[in-house]
Amino acid sequence: MKDRNVGDVEPVSVTRRAVLGTGAGAAATTMLPLPIRADAQEGMVPPSSLVETGTTIRIATTVNSQFVEIDIDSRASLLDMLRERLGFTGTKKGCDHGQCGACTVHVDGRTALSCLTLAAKANGRTVTTIEGVAAGDTLHAMQRAFIDHDALQCGYCTPGQVMSAIACVRQRQATSKDSIREFMSGNICRCGAYVGIVAAIEAAASEMQEG
Ligand code: FES
Ligand code: FES
């Protein structure tokens, strides 16, 4: 589940805020410029616009409020499109088999395991990754709560945890610790930060429901 081989790079000091703000920080430095169409509107492209050209297909989707048209291999996963083609590396590849939740994103507002979702399925849909939840430099309430409640250690699972946690609250499943645990059961944390994660979701739920 590593992005790079250990020892390839010099150690870098990374703060928890930077991890949670992957969208704001890392994306700003690594994200490739996206082709934005002037008349773009969320969800305006119907599935019929999917044009097949051999094994390469062209899709049109909205990622983190940016309209994107991109030619991709018809077999490519949404995870690989986000990370390798669009530079949204905040979404992590853990198992690549639908078992860890590290790759969780929102598609049309619902959680999706991007490693098991074909990129082609994003055609005409709206995708949100961890880079898209903050408002500029202002972290989402869930991101702040993860910091406040020490809900991470290495941070690798955290983007997926945050995306699922936001959905947990929006779908009104943050009603008790048990309900939160049940909803979040697909997100594995190898560092065992579960106590902090549940506490963070409880805290953010109050704020999100008030807002
Ligand atoms: S990378 Fe593990 S569920 Fe997708
Ligand atoms: S914080 Fe390390 S895997 Fe969850």
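Which residue in strand 5 is the bridge partner of Val107? It's Arg110. Keep in mind that this is a predicted model.

**The hairpin**
- Strand 4 (residues 104–107) runs antiparallel to strand 5 (residues 110–113), and four bridges pair them.
- The two strands make a hairpin with two residues between them.
- One of the turn residues, Asp108, has a positive phi of about 50 degrees.

**Helix 5**
- Helix 5 covers residues 158–170, and its 13 residues should span 18 Å at 1.5 Å a residue.
- Among the buried ones are Thr158, Pro159 and Gly160, along with Met163, Ile166, Cys168 and Val169.
- Just past the helix, Arg172 takes a positive phi of about 55 degrees.

- Buried or exposed? Ala141 counts as buried, because it has 20 C-beta neighbours inside 10 Å and 20 is the cut-off.
- Setting aside neighbours within four places in sequence, Ala141 is in contact with Ala204, Glu207 and Met208.
- Ala204 is 63 residues from Ala141 in sequence, yet their C-alpha atoms are 5.7 Å apart in space.

Technical notes: Residues are numbered from 1 along each chain as its sequence is written. Chains are lettered from A and ligands numbered from 1 in the order in which they are written. This is a predicted model: local features need pLDDT of at least 70, side-chain atom pairs count only at pLDDT 80 or more; totals for chains, interfaces and linings use all residues. The expected span of a helix is 1.5 Å times one less than its number of residues. A residue is buried if 20 or more other C-beta atoms lie within 10 Å of its own, exposed if 12 or fewer, and partly exposed in between; C-beta atoms are placed from the backbone. Two residues are in contact if their C-beta atoms, placed from the backbone, lie within 7 Å. Two strands pair if DSSP finds at least two bridges between them.
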